[in-house]
Amino acid sequence: MIEPRTLKGFRDHLPAQALARERLLDIARRVYRSYGFAPIDTPALEYLEILVGKGSEETDRQLYRFRDHGGRDVGLRFDLTVPFARFAAQHVHELGLPFKRYHMAPVWRGENTQRGRYREFVQCDFDTIGTTSPVADLEMVLVVHDLFVAIGIERFTIRLNDRRVLTGILTRLGLAARGPHVLRSLDKLAKVGAESVAAELAAQGVGADAAATLLEMASLTGPPATVLAALERLVGETEIGRTGVAALRVLVERAEQGGVGGGRLAVDPSIARGLDYYTGLVLETFLDDLPTLGSVCSGGRYDDLAGLYTKQPLPGIGASLGLDRLLAGLEELGCLDARETPADVFLPYFDERHLVDYLRIAAALRAGGVAVELYPEPRKLGQQLKLAAKRGFPTALVIGSDELAAGTAQWKDLHAQTSTMIDWHGDLAVLVDAVRSGLSARH
RNA sequence: GUGGCUGUAGCUCACUCGGUUAGAGCACCGGUUUGUGGUACCGGGGGUAGCGGGUUCGAAUCCCGUCAGCCACCCCA
């Protein structure tokens with residue numbers, strides 16, 4: 001006997017979870033499309049050279065790689081951005097610019113697992129390439145906002161920053177060359193506290209004054225306007241810094257005008273996101289009730305997406321929703337539906353002599369757009385209803401020989417445990433109408 | 001990849017210093033006389049104590065390895 005098991009960081013998805021996942025995918029798809037992003041897809045497997053091109057040690061370590069049967073060195077994609085870069089370089093001529101795409105697919109990383117961190121997980125990316133317009137930046141924020149609202153999450157915060165602000169401050173302090181290390185230390189502020197960070201900075205040779213300035217920057221909180229005012233002071237006369245602050249100010253203002261509600265936008269200078277390739281706006285999204293889960297949707301602006309694969313500069317901006325991480329969060333918060341069935345109507349196979357009637361009723365409902373499950377065996381009605389309730393069917397349609405003779409049906413609300421009678425006179429169209437209006441009244 | 005904690009029925013857990021056939025709740029299946037479900041009662045299936053090895057007369061209980069989960073580092077969705 002082979003022991004049934006799954007690899008570390010790889011998971012099965014039972015119906016309740018799979019339904020929740022599909023719901024999130026549907027919502028993301030709808031929101032992305034509502035802004036005109038078009039779907040694309042790319043292979044899970046790429047030539048190794050495509051994936052390691054960016055070549056940080058970290059991605060190398062996390063990469064699932066092997067030699068295929070034809071002797072090619074290949075790897076599983078670890079994000080959707082690198083394949084998109086390759087895709088864009090390969091197809092720009094067919095796409096036209098600017099180009100907006102979304103891509104929802106699994107990625108693989110051989111790193112250590114943790115809550116909300118898996119080795120196989122789904123990302124839902126959207127990017128706009130071929131334009132440096134701030135409108136695209138704004139749109140990214142709006143999409144993220146719409147996404148979480150559409151999912152039904154009330155309490156979330158989109159944290160914004162601009163790499164140019166960081167660069168400005170670091171330049172002013174004469175630390176531009178050591179940027180990555182300094183930012184990495186600052187990133188830990190929320191976790192380890194100011195003292196530890198200060199010690200770490202000192203160890204890196206950062207002077208006390210500079211360290212104090214950096215800590216002040218990373219500790220800034222409050223309404224965006226307040227933080228921006230402080231940042232304006234901190235970037236001093238550096239041109240790049242002033243540009244960054246100005247861009248953030250305009251962005252926040254327009255986003256608020258665009259309907260992003262109070263408190264959901266924050267300017268957070270400690271966000272350093274993607275220490276290498278982001279060059280402008282950076283964004284992270286947190287669930288207010290579960291901040292330790294980490295960002296569930298992150299992104300930013302980059303000067304050149306595909307420089308490794310083409311000489312044509314492709315500036316762009318985009319973000320990625322971590323579907324599986326978000327799902328882990330929603331599950332922990334008890335926000336997930338317990339339903340295990342996608343069907344709205346359960347139809348007991350009640351009276352053995354009337355199978356044909358049941359088939360006809362089910363067919364009519366389906367033709368009318370109602371998902372209905374007919375139980376496959378004429379078991380005891382009680383058992384069938386019990387199963388239906390357990391599966392989370394909202395309703396059941398009980399029709400026995402008495403009902404068929406009278407042209408009626410018992411329409412059960414399985415949650416409320418109530419029952420109403422539908423009088424359809426043997427006319428299927430009437431029955432379907434009654435069920436449809438009954439179901440839509442529930443929502 | 002490094003370090004720490006954890007691992008007993010599907011789930012949550014119990015089993016006093018290592019000592020007879022490892023228990024409970026929930027869940028599941030069946031029944032309470034043949035057409036009506038979350039309550040009640042009765043009955044039932046299910047665990048080689050993650051897996052492998054060692055110490056011991058004897059281990060769920062101690063030791064080692066391994067796999068998995070969680071936490072931290074790192075990184076990130």
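Is E232 buried, exposed or partly exposed? At 34% relative accessibility, E232 counts as partly exposed; here buried means under 20% relative accessible area, exposed over 50%, and partly exposed in between (1.4 Å probe, protein chains only). The model is predicted: local features need pLDDT of at least 70, side-chain atom pairs count only at pLDDT 80 or more, and totals for chains, interfaces and linings use all residues. Residues are numbered from 1 along each chain as its sequence is written, chains are lettered from A and ligands numbered from 1 in the order in which they are written, and side-chain values use heavy atoms, with hydrogens and water left out.

E232 lies in helix 11. Helices (H or I, at least four residues) and strands (E, at least two) are DSSP runs, numbered from the N terminus. Not counting residues up to four places away in sequence, E232 touches V245 and R249. Contact means heavy atoms within 4.5 Å.

Helix 11 (residues 224–235) packs with helix 12 (residues 239–257): their axes come within 9 Å and cross at roughly 170 degrees. Axes are lines fitted to C-alpha atoms, for helices over the stretch in contact, and angles run from 0 to 180 degrees between N-to-C directions. The two helices are therefore roughly antiparallel to each other. The angle classes are under 35 degrees for roughly parallel, over 145 for roughly antiparallel, 65 to 115 for roughly perpendicular, and oblique for the rest. Helix 11 makes the contact through P224, L228, A229, L231, E232 and V235. Two strands pair if DSSP finds at least two bridges between them. Strand 2 and strand 4 pair in the antiparallel sense over three bridges. Within that pairing, Y47 stands opposite V74 of strand 4. Strand 3 and strand 4 (residues 73–76) are also antiparallel, over three bridges. V74 is the bridge partner of F66, and D73 stands opposite R67. The hairpin of strand 3 and strand 4 has five residues between the strands. In this hairpin, G71 takes a positive phi near 80 degrees.

Strand 7 (residues 156–162) and strand 8 run parallel and are joined by three bridges. L160 stands opposite V267 in strand 8. In a regular strand the side chains alternate between the two faces of the sheet.

Strand 6 (residues 120–129) contains D125. D125 is buried, with a relative accessible area of 2%. Its side chain is joined to that of S320 by a polar contact of 2.6 Å. A polar contact is a pair of N or O atoms within 3.5 Å; within protein, one must be able to donate a hydrogen and the other to accept it, and residues adjacent in sequence count only if both atoms are side-chain atoms. Leaving aside neighbours within four places in sequence, D125 is in contact with Y32, L80, T81, R101, Y102, H103, A319 and S320.

Y32 also belongs to the largest nonpolar core, which has 75 residues. A nonpolar core is a set of buried Ala, Val, Leu, Ile, Met, Phe, Trp, Tyr and Cys residues joined through side-chain atoms within 4.5 Å. Y32, F148, L160, L231 and L326 have the most contacts inside this core. Helix 5 (residues 134–151) gives the most to the core, with ten residues. Apart from this core lies another, of 30 residues, among them V370, L385, A388 and L431. Beyond four places in sequence, the contacts of Y32 are F37, Y102, M104, C124, D125, F126, V143, L147 and L321.

A136 is found in helix 5. A136 is buried, with a relative accessible area of 9%. Leaving aside neighbours within four places in sequence, A136 is in contact with T128, T131, R301 and I317. The C-alpha atoms of A136 and R67 are separated by 40 Å, and the two residues are 69 residues apart along the chain.
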